[in-house]
Amino acid sequence: MTRNQSPGRGQRAADWADGRLGIYSLARANLRKIFPDHWSFMLGEICLYTFLIIILTGVWLTLFFKPSMGEVVYAGSYVPLKGVPMSEAYASTVDISFEVRGGLLIRQIHHWAAIVFVAAMFVHMMRVFFTGAFRKPREINWVFGFLLLFLGMLDGFFGYSLPDDLLSGTGIRFIEGSILAVPLVGTYIQMFLFGGEFPGHDIVPRFFTIHVLLIPGIMLGLLVAHLILVFYHKHTQWAGPGKTEKNVVGMPLMPVYMAKAGGFFFLVFGIVALVAAIATVNPIWAYGPYRPDQVSTDAQPDWYMGFAEGLIRIMPGWEIGLWGHTLNLGVLIPFALFPLVLGAIAVYPFIEGWLTDDKREHHLLDRPRNAPVRTALGAAWISLYLVALAAGGNDLIATHLHLSLNSITYAARVGFFAVPVAVFVITKRWCLGLQRRDREKVLHGRETGVIKRLPHGEFTEAHARLTPRELHLLTAHEQPRPLELPAPVDENGVARPVGVLTRTRTRLSRGFHGEGGQIPKPTAEEFHEITEGHGH
């Protein structure tokens, strides 16, 4: 621009906005932020993109859905349902599927995106868990992620229940029975939620408000807070040459990362749309409208709620009477276990931090094999989830595989306690075995497959020395020392009492980081001694 030229209209608008909002300085500070590049980090992006897809398709669906339980007689184009009385919610959902142009595809995209969203959050959290990315200073962000997962599961259930078809109505009845099993306050919660006796006339409008307004609003706030903390704490990265706890090696947010992220968003959207176009999910017209006196066959919730149903199905139907009231333990115990099992993974970062007494910040990720106990606990937790999920479909397993339903239920009951223990032991030994292999590779080098015969007749395999990069990757991890009990007496010779909590903490710390919890890394002296002995 020459000296005599005045700023253009666009530049004046940009200057006006920057003077009031500080957009330029904010963008200059953040758009060049460095992000590491690894395929596992895309799992979090899938969560974000499917959430956006859910919001976009959900807004479109609200334009045609009628959240009302008022009764109408169907007179649409789907012949098998003509003349059938149903709720306005069910009728409007059928109309979206068969009358509105593109309506069925949008419904399918919305539902499939919700399934992928919860699955991606689950896998993303497991990636964070197994790599130790939850450690200081990211414990709060881990809790935010867990709350997003839990709220996503709840919102999926409420959305799945809105069409008021026979399948979703059976699921609502399931939840109503679980609420009624809560002592003292169960009936009050049921009346407050349903607005009267089941099914009532208010449940769909209330679920609609919760599904489209309350939970998404909370989730959006948590998501913004989650992303702000990711920016503030900087992104974690895998260990490697040049990577430390104080730097980030990668590519800038603009333009490289944003270009790749934009392409990945459309790729995710396209795959979800393709799946929705070729794989039908929740065909409500095949189930029919909900009637309290009927139960649909093969009634299965979405996969992320099958865990809760599995807990109910494998629990014995125990009941006890107290002061003239019946306590239904067959429903109450699984109803209490559901949040406890999920919550166990939410509080783990604080437990590990308490056991290690580590106050440092961690920005480098662990290889799962280098944290055997943590990895074994995570695998055991997943196995518990899968056992309960399989139990939630025990009827389908029995009918499709021609097995006894009772035998499957008994096997699931035993597996609920035995499988996590077995998985824990196997996974821990597996990790320790991998650590031993890494130790051998560092000390003796990589096997080449070349067999040599020594002068005295012995056959031996030639080993190739690892590159400095490979040596760094195998030895860069830290190995925390287990906590020790304080001295029984202080410096003045006075006895120092040791509490039960301190003893428990010390024993658990030894289990995590003691001799049975990790294989010591090779020292520099061992490396030089071995390599010199090999003639390197």
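Student: Where is L184 found?

Tutor: This is a predicted model, in which local features need pLDDT of at least 70, side-chain atom pairs count only at pLDDT 80 or more, and totals for chains, interfaces and linings use all residues. Residues are numbered from 1 along each chain as its sequence is written, and side-chain values use heavy atoms, leaving out hydrogens and water. Helices (DSSP runs of H or I, at least four residues) and strands (E, at least two) are numbered from the N terminus. L184 is in the loop between α7 (166–180) and α8 (186–194).

Student: What is the phi of L184?

Tutor: Most residues other than glycine have a negative phi. L184 is not a glycine, yet its phi is positive, at about 70°.

Student: Which residue does a cis peptide bond join to K136?

Tutor: The bond in question has an omega of about 15°. The residue lies in the loop between α5 (103–130) and α6 (139–161). The partner of K136 is P137.

Student: At what angle do helices α12 and α13 pack?

Tutor: Helix α12 covers residues 303–314 and helix α13 residues 329–356, with their axes 8 Å apart. Axes are lines fitted to C-alpha atoms, for helices over the stretch in contact, and angles run from 0 to 180 degrees between N-to-C directions. The packing angle is about 145°.

Student: Which residues of α12 make the contact with α13?

Tutor: Contact means heavy atoms within 4.5 Å. On the α13 side, the contact is made by G330, V331, P334, L337, F338 and V341. On the α12 side, the residues are F307, A308, L311 and I312.

Student: Which residue meets R313 in a salt bridge?

Tutor: A salt bridge is a side-chain nitrogen of Lys or Arg within 4 Å of a carboxyl oxygen of Asp or Glu; by this rule the count comes to 15. The two partners here are separated by about one helical turn because they are 4 residues apart in helix α12. At 2.3 Å, N to O, the partner of R313 is E309.

Student: How far apart in space are A462 and E447?

Tutor: A462 belongs to strand β10 (residues 459–464). Leaving aside residues up to four places away in sequence, A462 touches R446, E447, T448, V450 and K452. A462 and E447 are 15 residues apart in sequence, and their C-alpha to C-alpha distance is 6.7 Å.
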